[in-house]
Amino acid sequence: MPRSDSVLADAVWPRAGDPDRARRGVERWLERATEQSDPELRDFAVALPAEPQGRALLEALFGGSPYLTELALKTPATVRRFLADGPDAAVAAELAALRADAAAETDTTRLMQAFRLAKRRIALLIALADIGGQWPLERVTGALSDLAEATLDLAVAHLLARAAARGLLRPEAVAPDASGLIVLGMGKLGARELNYSSDVDLIILYDADKVPTDRPDDLGQTFTRMARDLVRIMEERTVDGYVFRTDLRLRPDPGATPPAVSLAAAESYYTSLAQSWERAAMIKARPVAGDRAAGDDFLDFLAPFIWRRNLDFAAIQDIHAIKRQINHHHGHGTVAIEGHDLKLGRGGIREIEFFVQMQQLIFGGREPKLRLRGTVAGLDTLAEAGRVDRGTAASLAECYRFLRRVEHRIQMLEDHQTHALPEDPREVDALGTFLGFPDPASFRTTLTDTLRLVESRYAELFQEDRPPEGAVTLVFAGVDDHPGTVETLQRLGFARPSEAIAVVRGWLHGRYRALRSERARGLITGLVPRLLSIIGGTSDPDATLQRLDGFLARLPAGVQLFALFNVNPDLLDLLIDILGFGGRIADYLTAHAGQLEAVLAPGFFSNLPGRERLQERLAAELATARDFEDMLDVLRRWTNDQRFRAAVHILRRLSETPTCAAFLSDVTEVALQALVPRVEAEFARRHGRFPQGGLALLAMGKLGGREMTIRSDLDLIMIHDAGADQMSDGEKPIGPMVYYTRLIQRLVSAITAPTAQGALFEVDMRLRPSGNAGPLATSLEAFSAYQRGDAWTWEHMALTRARVIHADGPLRERIEAEIRSLLGLSRDPDKLRRDIAEMRDRMARQRDTGDVWNIKHFRGGLVDIEFIAQYLQLRHAAEHPEILYQATAEVLRRAVAAGALPDAEAETLLRALATWQRVQAFLRFAVEDKFDPAEASDAMIRGLLRAVAEDAAADPPEDLDAAAAGMRRQAAEVMAVFDRLIGPPPMDELASKPAAS
């Protein structure tokens with residue numbers, strides 16, 4: 001051991017922090033010494049504790065660190081090499097041996113073992129040089145970085161060779177510098193400042209244009225697998241331990257990208273989408289393995305985007321946000337000793353690092369000499385450039401070195417990735433001894449003074465960053481969840497805050513098209529606190545946030561809408577109301593994000609417009625259409641905008657249900673009145689028209705009664721008055737049967753065909769004469785003959801709601817006169833009652849499940865009231881033609897005036913009808929199919945209970961059970977009226993007749 005005396009003489013070993021543990025360690029050392037098979041090593045091991053300096057070394061090691069104790073006991077030869085060669089030569093020799101042994105290794109398992117055994121020896125050598133005071137901080141962290149870089153380099157070469165052997169890459173790719181694979185070391189590795197238990201932060205890229213391969217389409221998969229294998233080689237724990245924990249989360253948008261990212265994608269991301277904290281992270285980036293020249297070229301390419309010439313306020317704000325994260329996480333506003341985090345707490349290492357990095361970002365664009373990776377070197381250069389007072393830079397550099405030494409000692413204890421001082425005061429005192437302090441008080445004083453000095457210097461730079469008392473903590477910078485943000489989200493009501501943070505982080509990464517621009521991301525960043533606060537007030541914040549994420553994913557552009565959210569908070573409230581409500585309207589808005597633009601129309605929340613105003617607005621919209629197809633899209637978009645407006649009015653109870661029903665009916669009528677002439681004109685280009693004929697649309701059902709809901713089908717009958725022997729006057733003349741059949745097919749297709757703008761309506765034409773067996777369009781003569789000779793009673797009942805909504809020439813008056821004549825015919829009262837009772841019983845047996853929320857079909861529901869109104873018209877129209885009307889409520893009122901219905905019964909029916917219509921209107925926009933209370937959100941249930949209430953000012957039922965009970969009472973009252981007027985069908989009358997649709 002030619003240099004042992006020199007090495008021991010140069011070292012200053014601390015006293016044993018735990019004398020008992022030191023004594024036991026020496027005893028174990030001597031026991032192991034007697035077991036050595038190498039005589040020279042045995043003699044060395046026996047002799048070392050007999051020398052004062054040798055014993056001081058062992059006691060410092062064994063009394064300070066259980067982890068290093070085990071390393072020394074397992075590899076006494078490493079201690080001998082340290083003393084024989086000195087730390088510099090010993091570490092260099094170990095690294096050289098590792099490179100020589102591993103370079104030719106083809107077996108991954110053996111390579112991993114070689115790495116781990118080398119890590120043990122080198123870690124022990126570095127620790128001895130550190131503890132004995134023979135190496136300064138920069139040499140310690142540099143040696144740890146050399147070890148990480150060597151193992152990464154060897155692992156990458158091994159994986160490239162393995163990929164080439166499998167034919168995934170060409171043989172020349174085995175040379176890392178020719179491979180196109182770039183491994184960037186970030187953070188402490190990039191700055192050569194690794195500590196004992198640092199993660200190795202990496203970004204793995206590949207240049208698809210440079211990679212030698214015959215399988216270019218497989219490159220993404222090849223390098224993704226290689227990245228995962230690299231992580232496994234480095235961090236998988238085996239019987240021999242691990243090398244370094246490896247973190248790939250600093251890559252572009254890690255939640256949406258594979259472990260290995262193409263160079264082209266990375267360049268696009270950093271030049272357009274990267275956040276300011278990611279720019280800050282790139283300050284320390286350095287190629288550490290693979291194609292280093294390509295890595296340097298990539299960093300050169302990024303230089304203008306990292307180092308901007310103009311002061312970057314956004315960058316400052318992002319670094320402030322990260323700092324708030326640090327303060328909240330570990331400092332809790334104070335400088336402590338027990339449990340204090342030396343890295344992230346107040347006055348800690350990260351404050352010094354950010355002190356440097358922020359000023360580098362601000363001034364480095366104009367002063368290239370500030371573009372350094374190392375913290376101490378950065379402080380020195382800032383002082384030289386006059387950006388930092390020299391005394392401040394020197395004191396912060398001294399603080400940095402001291403805190404890193406303390407951090408190293410903490411990590412040496414058990415090889416844990418920790419930066420926190422022990423919670424036990426006795427362990428803190430032992431740590432001070434391990435650092436060489438003469439007594440606990442001096443360590444505590446030095447440490448406290450250091451932390452306070454750093455905090456004060458940092459506060460001078462960031463004094464405007466102190467959040468007010470009680471401020472909400474929301475930070476999304478960085479890759480780790482901010483604990484204060486987690487707490488805030490939990491307090492707001494989020495059950496899965498980490499998922500919420502990941503969602504917001506995705507927005508800030510510009511993951512969606514609407515968020516690609518820097519302006520859009522800046523706007524939504526400002527909106528996030530309000531957004532999350534509003535979402536927290538919904539019944540299920542986590543589900544609402546996921547729906548908002550889906551909405552943003554489909555949004556074509558964001559800047560205009562986000563800007564409007566900023567100046568019009570009510571719009572934001574509405575969006576979250578809808579998404580928090582859930583159900584059909586939320587799904588619809590999520591799938592059709594552009595629909596929200598309808599809210600921007602003037603007067604969206606004010607009174608719903610009448611038919612004339614709707615006609616004016618639609619005409620203006622249609623005037624912009626370029627052709628027939630464009631006209632269809634404009635019409636669909638306009639109609640869907642109006643339906644959405646009605647849905648919002650129902651959701652917010654801005655308009656009463658009858659008003660919304662009339663509005664939706666007007667919208668439908670106006671849309672069809674605009675569409676039919678255009679379809680006719682398009683059809684006439686080829687086939688012409690009938691000079692003495694025209695087409696009429698007869699609306700039935702809810703459109704006829706002006707009682708439309710959001711999802712009502714269109715029940716239509718098409719009637720024409722062209723003579724059977726006429727021919728159209730176009731280029732291709734055809735007769736009326738073929739003409740109107742084809743025309744109606746075109747019209748129905750235009751109404752029902754789905755496009756990117758959605759469909760207009762669903763059309764049901766089964767109410768036409770002979771139903772599905774009859775022609776699509778019938779002549780007025782044939783219509784009249786059928787109704788007077790072949791129609792069932794239920795078809796005349798349906799005819800009570802018939803209303804002509806479009807007709808050419810005098811055809812309207814002729815159809816209306818014929819319908820009034822048909823409905824005014826005298827009927828056998830007993831037969832009428834039997835037919836209606838039988839039909840209603842048949843419908844109930846087919847469709848009534850007993851579910852009170854099946855508003856239309858449950859007994860005492862809508863159908864029963866409508867049947868009563870239709871019965872009263874067919875029964876009394878001959879004597880009282882004024883009773884005829886399409887809307888159910890008005891028929892009941894007219895029946896009272898005609899003496900056909902007592903006031904009390906009319907009031908019962910009208911009150912129930914209003915309830916059923918409110919509830920049905922609500923459910924039609926709320927749910928896709930039937931209402932299931934178990935699937936409904938709290939907001940949906942609250943809205944439904946409000947719909948059950950008689951008016952907006954009335955108190956809603958307490959819960960769904962109470963609401964259902966009240967509805968059943970109303971239904972029973974309706975059935976009492978039904979049974980008095982119509983009665984149940986006689987059992988012998990249940991003939992095999994069709995039920996009404």
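Contact here means heavy atoms within 4.5 Å. The model is a predicted one.

Q: Which residues does Leu548 touch, not counting residues up to four places away in sequence?
A: Under that cut-off, Leu548 touches Trp507, Leu531, Ile535, Leu575, Ile576 and Leu579.

Q: What makes Leu548 stand out in the largest nonpolar core, and how many residues does that core have?
A: The largest nonpolar core has 177 residues, and Leu548 is listed with Trp507 and Trp853 as those with the most contacts inside it. Apart from that core lies another, of 83 residues, which includes Leu58, Tyr67, Leu154 and Val200. In soluble globular proteins, nonpolar side chains tend to be buried together.

Q: Why is Thr590 called buried, and where is Thr590 found?
A: Thr590 is found in helix H27. Its relative accessible area is 11%, and buried means under 20%, so Thr590 is buried.

Q: What is Thr590 in contact with, leaving aside its neighbours within four places in sequence, and what separates the C-alpha atoms of Thr590 and Leu548?
A: Thr590 is in contact with Arg547, Gly550, Phe551, Arg554 and Leu579. The C-alpha atoms of Thr590 and Leu548 are separated by 7.4 Å, although the two residues are 42 residues apart along the chain.

Q: What makes helix H37 oblique to helix H38?
A: The axes of H37 (residues 862-876) and H38 (residues 888-897) come within 9 Å and cross at roughly 50°. Roughly parallel requires an angle under 35 degrees and roughly perpendicular starts at 65, so the value of roughly 50° makes H37 oblique to H38. H37 passes H38 in a left-handed crossing.

Q: Which residues of H37 and H38 meet?
A: Ile865, Glu866, Ala869, Leu872 and Gln873 in H37 meet Thr888, Val891, Leu892 and Ala895 in H38. By class, the contact of H37 with H38 has six nonpolar, two polar and one charged residues.

Q: How do you know whether Ala50 is buried or exposed?
A: The relative accessible area of Ala50 is 65%, and exposed means over 50%, so Ala50 is exposed. Ala50 has its place in the loop between helix H3 (39-47) and helix H4 (52-64).

Q: Why does Thr375 count as buried, and what does Thr375 touch?
A: Thr375, which lies in helix H17 (residues 375-384), has 3% relative accessibility; the cut-off is under 20%, so Thr375 counts as buried. Not counting residues up to four places away in sequence, Thr375 touches Glu193, Lys284, Ile352, Glu353, Val356 and Tyr400.

Q: What is noted about the phi of Asp415, and why is Asp415 called buried?
A: Phi of Asp415 is near 60°, a positive value in a residue other than glycine. Most residues other than glycine have a negative phi. Asp415 is found in the loop between H18 and helix H19 (425-434), and with a relative accessible area of 11%, under the 20% cut-off, Asp415 is therefore buried.

Q: Why is Arg706 called partly exposed?
A: Arg706 has a relative accessible area of 28%; buried means under 20% and exposed over 50%, so Arg706 is partly exposed. Arg706 is found in the loop between helix H31 (701-704) and strand S7 (714-720), and has a positive phi of about 55° although it is not a glycine.

Note on methods. Residues numbered from 1 in each chain as written. Predicted model: local features only at pLDDT ≥ 70, side-chain atom pairs only at ≥ 80, totals over all residues. Heavy atoms only, no water. Core = buried A, V, L, I, M, F, W, Y, C linked by side-chain atoms within 4.5 Å. Buried < 20%, exposed > 50% of the residue type's maximum accessible area, 1.4 Å probe, protein only. Axes fitted to C-alpha atoms, helices over the stretch in contact; angles between N-to-C directions. Helix = DSSP H or I, 4+ residues; strand = E, 2+ residues; numbered from the N terminus. Parallel < 35°, antiparallel > 145°, perpendicular 65-115°, else oblique. Left-handed = near helix turned anticlockwise from the far one by under 90°. Nonpolar A, V, L, I, M, F, W, Y, C, P; charged D, E, K, R; others polar.
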